[in-house]
Amino acid sequence: MSDSVKYLLDEEHMPKSWYNLVADLPSPPPAVLHPGTGQPVGPDDLAPLFPMALIGQEVTQEREVEIPEPVQDVYRQWRPAPLFRARKLEKALDTPARIYYKYEGVSPTGSHKPNTAVPQAFYNQQEGVKRLTTETGAGQWGSSIAYAGQYFGLEVDVYMVKVSYQQKPYRRALMQTFGARCVPSPSTETNAGRAILAQHPDSTGSLGIAISEAVEMAAQRDDTKYALGSVLNHVLLHQTIIGQEAMMQMEMANDDPDIVIGCAGGGSNLAGLAFPYIGRNLREGKKTRIVAVEPASCPTLTRGRYAYDFGDTASLTPLVKMYTLGSAFVPSPIHAGGLRYHGMAPLVSHAKALGLLEARAVAQTECFKAGVLFAKAEGVVPAPESTHAVKAAIDEALKCKESGESKAILFNLSGHGYFDMQAYTDFFDGKLVDEPYDEAMLAKALDGLPDVAAE
Ligand SMILES: *Cc1c(COP(=O)(O)O)cnc(C)c1O
């Protein structure tokens with residue numbers, strides 16, 4: 001085994017295509033349904049919101065989808081991203097486990113999100129789009145689409161969940177730096193926002209509400225389309241560059257992961273790292289364990305229902321079958337804003353239902369403890385979202401210590417936390433509490449799931 005702590009790929013070895021898990025699945029994911037008719041949606045239904053190239057990627061069965069050269073050109077600003085062996089963390093834990101992390105925080109906005117923002121902006125520009133609307137939770141997606149949009153000459157309007165807009169002024173400034181307009185959601189600019197404010201004037205917002213606003217604005221104008229930072233098949237596809245690079249880097253390390261871990265909000269960074277490994281499990285009969293880690297306050301995969309639901313609060317999006325807490329579920333305002341979503345990517349949900357991955361939920365104070373331990377050992381402060389993966393990796397490493405087994409653990413450090421130091425300050429000041437989710441609200445939200453005949 002090599003002694004290195006850092007595995008760097010040459011630019012020439014950056015993957016030239018994205019990997020599509022659908023090609024290797026034993027059964028296709030359930031159809032996406034039109035909210036009005038209940039019939040499977042066709043390309044024409046999605047055309048007001050997305051460019052045709054992305055609609056094509058949403059339904060493609062091809063195993064490999066070529067990465068256009070202009071996208072590769074922007075990727076090369078930070079990719080290939082490094083993979084580290086966390087030797088100092090191993091030492092701090094006194095574990096026989098070998099811990100590796102793929103570090104996506106080296107991107108221009110500090111997370112994995114530009115991996116999909118760049119191709120989304122590119123394909124929109126190719127099809128003559130002038131303006132993109134989107135929502136953002138913690139601000140990572142908004143800043144990533146702002147960054148990518150300006151490369152391709154697009155205006156970007158970002159509806160930002162109000163609680164994050166107030167808590168994260170620096171993310172807002174980053175979006176402005178890249179030239180985007182940032183609006184706190186719920187806003188008075190849309191019917192969806194005005195309806196929420198009429199009922200709940202003090203609403204702190206949610207991703208579901210912000211999505212309704214962004215979709216409404218995009219549907220109104222021909223030159224405007226909508227961009228989503230997670231959940232959809234094409235987003236997960238774009239993120240698979242992470243796992244493909246990691247596979248090559250694990251080979252450089254002369255090792256192979258027994259366990260692959262990612263935090264899961266909408267599911268894209270988890271899918272990005274794990275889908276190439278799930279594909280390998282399916283094709284080659286390998287048994288690499290895949291673990292999705294979600295917040296205990298928004299436990300979509302562990303406490304949600306696998307059912308058809310809307311992606312947003314105002315029931316404007318198509319119906320997708322996914323693990324969901326119900327689109328009326330509003331999670332408590334935990335700091336890991338990127339994990340506050342009521343649903344889970346349909347492809348990740350399908351993989352979970354097929355038994356191709358496991359899920360666990362962890363409380364946020366435990367995550368911050370793990371994040372601080374990781375920062376002290378490895379010198380990188382994890383994003384609050386990423387601390388969920390750190391926590392699960394540390395738990396697995398401690399299990400190895402008990403059992404004396406030496407496993408290889410690979411997790412996705414999906415981003416750094418340097419824009420989220422207020423969350424760390426709150427943690428140090430003892431202000432973070434592990435608020436359980438509201439059981440009554442969950443029951444009500446699940447009761448309100450749309451009635452859809454089984455497909
Ligand atoms: C947005 C975000 C997440 C959650 O989104 P996924 O689609 O589940 O990956 C996780 N980590 C970071 C750093 C993020 O910015």
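Which residues lie nearest the centre of the second largest pocket? The views below show a predicted model, in which local features need pLDDT of at least 70, side-chain atom pairs count only at pLDDT 80 or more, and totals for chains, interfaces and linings use all residues. Residues are numbered from 1 along each chain as its sequence is written, and side-chain values use heavy atoms, with hydrogens and water left out.

**View 1. The second largest pocket.** Ile196, His200, Thr313, Ala328 and Val330 lie nearest its centre, among 16 lining residues. A pocket here is an open set of points on a 1 Å grid over the protein atoms alone, where a 1.4 Å probe fits, with protein on both sides within 12 Å along at least five of seven lines; lining residues have an atom within 4 Å of a point. The space in this second largest pocket is about 320 Å³, a volume filled by probe spheres set on the points, which are joined across faces, edges and corners. Helices H9 (191-199), H10 (207-220) and H19 (439-447) each give at least two residues to the lining. Helices (H or I, at least four residues) and strands (E, at least two) are DSSP runs, numbered from the N terminus.

View 2. A backbone N or O atom of Gly265 is 2.7 Å from a ligand oxygen atom, and one of Gly267 is 2.9 Å from a ligand oxygen atom. Ser414 places a polar side-chain atom 2.7 Å from a nitrogen atom of the ligand. On its own the ligand has 380 Å² of accessible area, of which the protein covers 98%; the areas come from the Shrake-Rupley method with a 1.4 Å probe.

**View 3. An open sheet of seven strands.** The strand order is E1-E4-E5-E15-E10-E11-E14, with mixed pairing; two strands pair if DSSP finds at least two bridges between them. Strands E1 (6-7) and E14 (358-362) are at the edges with a single partner strand each, so one side of each has no neighbour in the sheet. Strands E10 (residues 259-263) and E15 (residues 408-413) run parallel and are joined by three bridges. Ile259 stands opposite Ile409 in E15.

View 4. Most residues other than glycine have a negative phi, and most peptide bonds are trans. The peptide bond from Arg79 to Pro80 is cis, with omega near -10°, and Pro80 is in the loop between helix H3 (69-75) and strand E4 (83-85). Ser185 and Pro186 are also joined by a cis peptide bond, with omega about 10°; Pro186 is in the loop between strand E8 (181-185) and H9. Asp94 is not a glycine, yet has a positive phi of about 50°.

Note on methods. Polar contact = N/O pair within 3.5 Å; in protein donor to acceptor, adjacent residues only side chain to side chain.
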